[in-house]
Amino acid sequence: MSIELVLALTTGAALFGVGIYGALSQTNLVMIMMGVELILAGAMVNLVAFWRFLHPETAAGQMFVLIVMTVMAIEMAVGFGVAIARFRSRGSVEMEEAVELKG
Amino acid sequence: MTAQMFFIGFFGIAAIWFGVVVFRTFSMVRSALALLFSQTALGAMFLTMQAEFLGVLQIMMMATEMSIMAIFMVMFMMDPGGMGTMDMTHQKKLSLWAGFVSFVGGVAIAVFVDWGPIAAIAPGAAQQTVDLGLELLGRSMLIFEMAGLTILTAMIAATAISIQPLKKKSQ
Amino acid sequence: MTTLIVVILLIFGSYLVAVLENWVNNGKFRLTAPLFAAMAMLGRESILSHKPDRLFFEVAPALLLISALLAAATIPLTPNLIIADLATGALFINAALVYVLVALLMAGWGPNGAYAMIGGWRFLGQLMAYAMLVVMPITAVVMRAESLFTTEIVVSQAELWNIVYQPLGFVLFFIASLALCFLPPFDLPTAEGELAGGVEAEYSGVRLAVFRFGRLTLIITLSAAIVVFYLGGWQGPLLPPWAWTAIKILTVTAAMLITGQLMPRVREAHLLSWGWKLGIPLALLNILIVGILVLVFPT
């Protein structure tokens, strides 16, 4: 039961919590995406901690982290594309005003 | 109190503090650059945990990504300089509770689960890079190829959404 | 001890780059001109703009200098003179150099001035064009050396320098280095005559001196990176290793400064167009060619 592992996992949990707060509470699309980036960062810290302290011999742990980094980049790219399209058609990317599909 | 423990704690607190600054500051560019430095602190944490390739990769990629995020914030947000004091949040209590519950849940799992034997040493950095390369192109080749294909699809999709349609000349 | 020697050599090298730049731009070779200019700048008053973002304004020149020094930390000047021989040295150079972008963004946004802001965002636009042209040639170099250690990259060029083995990668990396230290013809961020000095416009006094010094250190760090990756580092027939490194770095710096005099300034829109439509396919072609050569002629 090493202190380093608990410290790293606590950091991951804290980043996850801050990211959830940001993703749920912000009204602007760009700020929501920043919350999601923090969530994925928390997941990455947990993955690296598990790799280092439990299975340092397997490279598959590091590969998982690479895939999460790839997902972060892809999600940002497509998310900003959607933000550009939305901004062009409506003039803002506020989520409070995105009520066209609301029942 | 080993050096590794101290630095993991230090960079962890730095990452969390910068993450909180992201949502507390009024200036949007400061928010984006705070997220950048939070990710840099995370990259430094990876270096402390002896994942050298991942740490350097994280530091490199996140600097570029968050700078792009900074310019998008200047483009799309109302108060990029932070001179005003508008509160741009909704459902604040729900999100605070959700964040707090997930944090407590994560810490509880971290403290109360028996993780098994802790490995004392990790392979050297050069050996890790070789192993990672062999893993990527050997056992995980399918995942690697799928990731490449997904990146290509995302690039085409993002370009297709964001280019403006050519104005048709009236004949 | 090694750190101290390398930092002193970097300061000395930056001084020589300043002399060279003065010579190339103005035609006058005066060895004491940078010293007097630095003393004048340090003595001048630091003028602040109206309502700057103080945090960014203060941090930006220091971050520029720090990122250049960090990038120089993994570059071997002689077989024993390297501050940190990281196992991912070649990638770390790139990672440290990206913080030049962060520094220029801060310098552009901080002073709350229109010309500075435009200069800063133009640097971001330029970097999007050539960011891949920095990493992909490094990838091809690392493929030949089969290691990310910078010392091993130099040793792998014992028989044939990389400039002959992968000339396409050398040209791309040279152009990307010119753009990364915003030298002409890519000097839109600090464009004199167009943006009234751009990012440097609102800085004066000590901060301007640190900014300029950071830029000179960046130029010499990038020259050292080109020498290590493509020109065989410290290897050469007669002279000792440190002499060869010094000669090669100064030659590459002179080449970088002279290239700027030959071309007009490139707009970031054109640079983006050329970089993505021509540069990245060429970089991928370079990786393909080097891969084939490495497999067909194993050392």
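Chain B is divided into two domains, with domain 1 spanning 1-78 and domain 2 spanning 130-161; these bounds come from an automatic or database domain assignment. Taken over C-alpha atoms, the centres of domain 1 of chain B and domain 2 of chain B are separated by 24 Å. The model is a predicted one, in which local features need pLDDT of at least 70 and side-chain atom pairs count only at pLDDT 80 or more, while totals for chains, interfaces and linings use all residues. Residues are numbered from 1 along each chain as its sequence is written, and chains are lettered from A and ligands numbered from 1 in the order in which they are written.

Chain B also meets chain C: 16 residues of chain B are in contact with 19 residues of chain C, where contact asks for C-beta atoms, placed from the backbone, that lie within 7 Å. On the chain C side, the elements giving two or more residues are α4 (89-109) and α5 (114-145). Helices here are DSSP runs of H or I with at least four residues, strands are runs of E with at least two, and both are numbered from the N terminus. The largest share of this side, 10 residues, comes from α4(C). By class, the side of chain C that touches chain B has 15 nonpolar, three polar and one charged residues. Ala, Val, Leu, Ile, Met, Phe, Trp, Tyr, Cys and Pro count as nonpolar, Asp, Glu, Lys and Arg as charged, and the others, Gly among them, as polar.

Within chain C, helix α1 (residues 2-26) packs with helix α10 (residues 241-262) at an angle of about 35°, and their axes are 10 Å apart. The axes are lines fitted to C-alpha atoms over the stretch in contact, and angles run from 0 to 180 degrees between N-to-C directions. Residues making this contact include Leu16(C) and Leu20(C) of α1(C), along with Leu250(C) and Leu257(C) of α10(C). By class, the contact has nine nonpolar, three polar and one charged residues.

Chain A, finally, has three helices and zero strands. The radius of gyration of chain A is 17 Å, well over the 13 Å that the globule rule gives for 103 residues, so chain A is more spread out than a compact globule. This radius is taken over C-alpha atoms, and the rule is 2.2 Å times the number of residues to the power 0.38. Along the principal axes, the C-alpha atoms of chain A fill a box of roughly 50 × 25 × 20 Å.

Note on methods
Two residues are in contact if their C-beta atoms, placed from the backbone, lie within 7 Å.
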